[in-house]
Amino acid sequence: MPLIVSVGLKPKRESGMVVDIAHVKRICFAGLAGACLIVMLDPSLMAQALGELTGTVTDPTGTPVAFAFVTTTNVETGRALPAATGMDGIYKFTLPSGNYRIKFESRGYETQEIPAANVAALSTVVENCVLEAVAQTQSSITADPAQKTAPSPSGKPAEPSLEDLGISPSQVKGNAREQALLDRRSHMLKMHQRLGLITIAPLGATLITSAFAGGRETSRASRDAHAALGTATEGVYLSTAYFAIRAPKLAGTKTRGPIRLHKTLAWIHGPGMILTPILGEMAFAQKSRGERVHGIASAHGPVAIVTAGAFGLAVASVSFKF
Amino acid sequence: MLRKLLISFWLLSLPGLAWAASQWVLEQSTLTYHVSHPLHQFDGVSHTAKGKGICADGECNFLIAVPVKSFDSGDSNRDLHMLQVTRGAQFPFVTVRTRLPESAATSATITLDLEVQFAGQTFEYKQVPFQRSVQGSETRITGTIPAKLPDFKIDPPTLLTMPIKNEIPVRVDMTWHPR
């Protein structure tokens, strides 16, 4: 039963704004579904489940070992994550809680392994490592290219080093913060991609059911089905958009290539996805009153088609090489 | 007749003499990785490699370094994704080391053992064939490094949930100049 909110002095049906309780429920459902998806998939909100693993790698004299390779491997999943120590010999990982095997490698040192370190959520585990020196000929891993500048025992001249190429140690040193930013960006864009693909299903179904919702001989049930699918599309679409908008941006990165078209199309399907349900609701109300869809509400169909077309093209623009 | 023979001998020995230089500098380079995905294929190109070779006691040691960020596939989003999966922010350079006897450096085809450091891992490619041609004082080296993602413990990036192929051959085209 529609609720009539009077706008003019006379509580006339024509001049009132019709608020459909069922529609309010649908909007709430879409919002709730979107919020649930975001909470489930956003890494920042999942951050509570992460813990920190850190430590210092030193040689037997206590001198920090710079650029040592540190690899953590999740004992349950087998997933390995590499990192390197800084000039201060410190390494740091932010990891999901679990048991991890830690391997320490550096040129000129024996490889060390810690078989199990238990990382718990919201806690910091410290695992320091002392690397024992070995004869230079036994080392197989090159951790610090600069170390190759040392003359060989045969007296042969040094191999070229990165410094010889004009590359300073500060350029070689990795930026863990930037890597973490890239990891977060990729995670969020993967979610964006998956949800975008999922959106195609309700979007397609909404388009199909539109054929039974807009004609003269349509039933309330077919309109409800169309509206429900539209609401579901809206919910997943908003979540998709959230992950793209919230994905961290990297300073100084210019947008090039097909991704430009993908982003440009968002300026069409984004407003379209806001406008379509508003126009749809107006058309729904008019049909429910037994009226022919008229006025601005008659733009619901064309706007929806342009929106769906722009969305489909946005997916295709990053999927295929044109 | 003797004069002609001497001139011929001198001309033939030029490439060998060129490799006998004590140092080599990478003048120009094009490194191209190739990626295959079920939906499309693309190449990432870098022209910013730096390299140096030091020859002594009949042996030449070469080092080539290229920033991971410098590879351009024509799409900024894809490049950032590749940078992320290859842990390019943490390990900003790909380095390739190789050594060869000076005597082996005069043939048109040379096979090299390459020690490649990439994404925090080191992998050695054995007996990789390269074509060598001499143009004046410059030596051009071309070939393909048969790189694979698992060699560097890199999870294949995915597009639309479909992963790329593990093989990412890297075409190499370098021009070296003696110093």
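Asn77(B), Arg78(B), Asp79(B), His81(B), Met82(B), Leu83(B) and Gln84(B) are the buried residues of helix α3(B) in this predicted model. The helix spans residues 76–85 of chain B and is mostly covered, with seven of its ten residues buried. The cover comes from both chains. It includes α4 and α6 of chain A, together with β2 (41–46) of chain B. After α3(B) comes Arg87(B), which has a positive phi, near 55°.

**Chain B as a whole**

Chain B holds three helices and eleven strands. Along the sequence they follow the pattern α-α-β-β-β-β-α-β-β-β-β-β-β-β. The chain has 179 residues, and 36% of them are buried. Contacts in chain B between residues at least 6 apart in sequence can be split by separation: 58% of them join residues at least 24 apart.

**The contact between the chains**

Chain A puts 42 residues into the contact, and chain B puts in 37 residues. On the chain A side, the elements that give two or more residues are β5 (80–84), α3 (169–172), α4 and α6 (258–288). Of these, α4(A) gives the most, with ten residues. By class, the chain A side that touches chain B divides into 20 nonpolar, twelve polar and ten charged residues.

**Helix α4(A) against helix α7(A)**

Helix α4(A) also packs within its own chain. Its axis comes within 11 Å of the axis of α7(A), and the two cross at roughly 150°. That angle makes α4(A) roughly antiparallel to α7(A). The crossing of the two helices is left-handed. From α4(A), the residues in contact are Gly196(A), Ile200(A), Leu203(A), Leu207(A) and Ser210(A). From α7(A), they are Gly301(A), Ala304(A), Ala308(A), Phe311(A) and Val315(A). This contact has seven nonpolar, three polar and no charged residues.

| Contact | Nonpolar | Polar | Charged |
|---|---|---|---|
| α4(A) with α7(A) | seven residues | three residues | no residues |

**Pro277(A) in helix α6(A)**

Helix α6 of chain A contains Pro277(A). Is Pro277(A) buried or exposed? Pro277(A) counts as buried, because it has 21 C-beta neighbours inside 10 Å. Leaving out residues up to four places away in sequence, Pro277(A) touches Gly230(A) and Glu234(A). Ala227(A) lies 50 residues from Pro277(A) in sequence, with 8.4 Å between their C-alpha atoms.

**A four-stranded sheet in chain A**

Chain A has an open sheet of four strands, in the order β5-β4-β7-β8, with antiparallel pairing. Strands β5 and β8 (112–119) stand at its edges. Each has a single partner strand, so one side of each is left without a neighbour in the sheet. On average, neighbouring strands of this sheet are turned by 25° against each other, direction ignored.

Strands β4 (residues 69–74) and β7 (residues 98–105) of chain A run antiparallel and are joined by six bridges. What is the bridge partner of Val70(A) in β7(A)? The partner is Phe104(A). Strand β5(A), at one edge of the sheet, is also among the elements that give two or more residues to the side of chain A that touches chain B.

Methods:
Residues numbered from 1 in each chain as written. Chains lettered and ligands numbered in written order. Predicted model: local features only at pLDDT ≥ 70, side-chain atom pairs only at ≥ 80, totals over all residues. Axes fitted to C-alpha atoms, helices over the stretch in contact; angles between N-to-C directions. Parallel < 35°, antiparallel > 145°, perpendicular 65-115°, else oblique. Left-handed = near helix turned anticlockwise from the far one by under 90°. Contact = placed C-beta atoms within 7 Å. Nonpolar A, V, L, I, M, F, W, Y, C, P; charged D, E, K, R; others polar. Buried ≥ 20, exposed ≤ 12 C-beta atoms within 10 Å, placed from the backbone. Pairing = 2+ DSSP bridges.
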